[in-house]
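Look at the structure first, then read on.

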Amino acid sequence: MRKNLLVLVVVAFIMGCSEPPKLEHKYTIDVSYSAEVDSLAKDGRLLLMLSSDDNDEPRFQINDGLNTQLIFGMNVENWAKDSVLTFDENVFGYPYESLKDVPPGEYNVQALLNVYETFNLSTGHTVKLPMDNGEGQQWQKSPGNLYSKPFKIRVASNGFENVSVDLDQVIPPIEQPEDTKWIKHVKMKSEKLSEFWGRDIFLGAHVLLPKGFEEHPEAKYPLMVFHGHFPSDFGGFRTTPPDPKMKPEYSERFSLEGYNVIQQQEAYDFYKRWNEPDFPRFIIIEIQHPTPYYDDSYAVNSANQGPYGDAITYELIPEIEKQFRGMGEGWSRFLYGGSTGGWEALAVQVKYPEEYNGCFAACPDPIDFRAYTLTNIYDDENAYFYKSAHKTLEVPSHRNYLGQIQSTLRQGNHLELVLGDKSRSGQQWDIWEATYSPQGKDGYPQRIWDKKTGDINPKVAEYWKENFDLRHILERDWDKLGDNLKGKIHIYCGDMDNYYLNNAVYLMEDFLESTTEPYYEGEVLYGDRAEHCWNGDPDQPNAITRLRYNSMYVPKIMERIEKSAPKGADLTSWRYK
């Protein structure tokens with residue numbers, strides 16, 4: 001009896017000291033597509049998203065800010081019907097690099113396939129890229145992309161339990177805007193771009209006509225070219241007062257209540273100004289030139305995107321001037337825009353100095369790559385981290401006017417790497433790479449830095465310098481360019497630009513003001529404590545001035561025309577009441 005009791009005690013002790021059974025950890029989610037969206041084998045980037053926020057679909061909640069949700073991505077080639085693809089802990093993600101890092105909790109799950117098409121380039125390379133389908137390269141809503149409806153899942157401490165996602169939805173085509181009395185829409189095939197891409201490529205523009213266009217057939221007009229991101233229609237022009245039934249909305253960016261009402265009021269005010277007797281009669285165009293890499297080509301010729309600069313300057317603009325009685329001469333064309341459009345306005349003016357008579361570049365993307373935001377691509381070895389023997393400090397990429405940081409270079413680039421490898425994310429850092437880099441042996445852009453580590457490639461940096469560093473190009477070639485650029489360069493930037501773009505403007509100003517001979521005869525101005533995208537008005541905040549691009553530079557353009565128009569130029573036919 002005692003022996004049996006002793007045995008039971010020993011067994012109980014051993015069992016009590018043994019480890020409990022381990023939970024099986026499962027970090028996999030399966031994705032397939034249904035018969036409803038079946039077609040030929042599919043190529044693209046498959047994205048898996050998890051969101052703890054019920055306010056919207058996960059696909060609309062992925063960003064570079066503090067409120068981003070979770071995303072993971074993988075390439076898909078020849079994805080056949082009935083084939084299941086699995087996301088596991090080895091698939092790269094953002095802001096968590098692996099599914100095993102996702103905290104326990106309840107999430108909405110959604111998957112989307114950003115469809116790639118095949119391009120046989122004139123360079124002899126074959127590449128697979130997302131074709132723009134009228135949306136301006138936005139993977140969340142690009143027509144033809146496949147996606148799933150969101151549904152709830154629970155993430156436990158040991159991972160996921162039998163989660164399968166079915167792509168059964170197709171994003172529909174986008175309705176195109178219709179012509180009105182004031183706004184016309186132009187779409188034309190570019191022979192230059194079609195040859196490069198190996199298929200038909202089209203350029204477009206929204207054209208705002210001047211008052212009296214039909215009543216004054218004898219008039220020919222100067223041209224204002226607004227550069228920027230993909231416009232769905234001509235913006236900031238409204239023929240009626242704000243909709244009285246519209247519910248006022250709060251703008252978090254500008255801390256303004258009813259900003260949607262303000263926008264409509266500004267658009268209506270511009271319409272009234274456009275019709276005033278003393279307002280000069282111009283044609284204004286907003287260009288559509290998305291590429292398979294971005295919503296906008298950056299309006300220059302490049303190794304990876306082809307001759308967009310020549311196509312816009314020598315094909316699209318002459319066609320618009322022909323259709324709508326533009327003067328068709330360099331002295332009568334002007335460039336303006338902000339951010340991407342600011343860089344484009346300056347770059348196009350520099351690369352086509354005789355084809356345009358002035359640029360107004362607001363908050364331009366980096367115009368000196370010694371200040372590629374906060375990275376000097378020539379001297380720094382790594383873009384993501386400051387050099388230190390004993391500290392690890394990340395380089396910021398976004399701040400507010402108080403200097404508070406919302407994101408870092410590493411985080412933003414890792415998000416892009418999830419959205420697409422080989423510069424195919426359709427986002428900011430990748431389009432700079434697609435525009436500025438030489439073409440790689442595989443037909444895709446060469447990386448300026450390793451996307452995961454941030455290590456900079458000095459050979460690629462040197463290529464950037466010689467071809468797209470606008471300050472370097474001006475300094476190198478001023479003896480050839482100076483006479484054609486006098487009075488044409490105007491740059492504006494807030495000194496607290498969210499993306500640190502003011503740093504490059506300072507370096508450009510140093511050159512323009514101190515070393516140019518002949519003197520550049522332009523202006524560089526800064527907005528005190530102004531964020532992105534300050535455009536030169538010292539009396540109004542960004543929230544207002546960003547809505548006044550189409551009229552705020554007109555007095556300076558008129559002054560430039562009066563000063564520079566050649567002898568015998570038409571200065572009267574377009575100045576009617």
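Strand β1 (residues 29–33) runs parallel to β11, and five bridges join the two. Strands (E, at least two residues) and helices (H or I, at least four) are DSSP runs, numbered from the N terminus. Two strands pair if DSSP finds at least two bridges between them. The model is predicted: local features need pLDDT of at least 70, side-chain atom pairs count only at pLDDT 80 or more, and totals for chains, interfaces and linings use all residues. Residues are numbered from 1 along each chain as its sequence is written, and side-chain values use heavy atoms, without hydrogens and water.

- This open sheet has the order β4-β1-β11, with mixed pairing.
- Its edge strands, β4 (85–87) and β11 (163–167), each pair on one side only.
- Neighbouring strands are turned by 25° against each other on average, direction ignored.
- Y33 has L167 as its bridge partner in β11.

**The eight-strand sheet**

- Eight strands form an open sheet in the order β13-β14-β16-β15-β19-β20-β23-β24, with mixed pairing.
- β13 (183–189) and β24 (523–527) are the edge strands, each pairing on one side only.
- From one strand to the next, the twist averages 20°. Axes are lines fitted to C-alpha atoms, for helices over the stretch in contact, and angles run from 0 to 180 degrees between N-to-C directions.
- β13 and β14 (residues 202–208) run antiparallel, joined by seven bridges.
- I183 has L208 as its bridge partner in β14.
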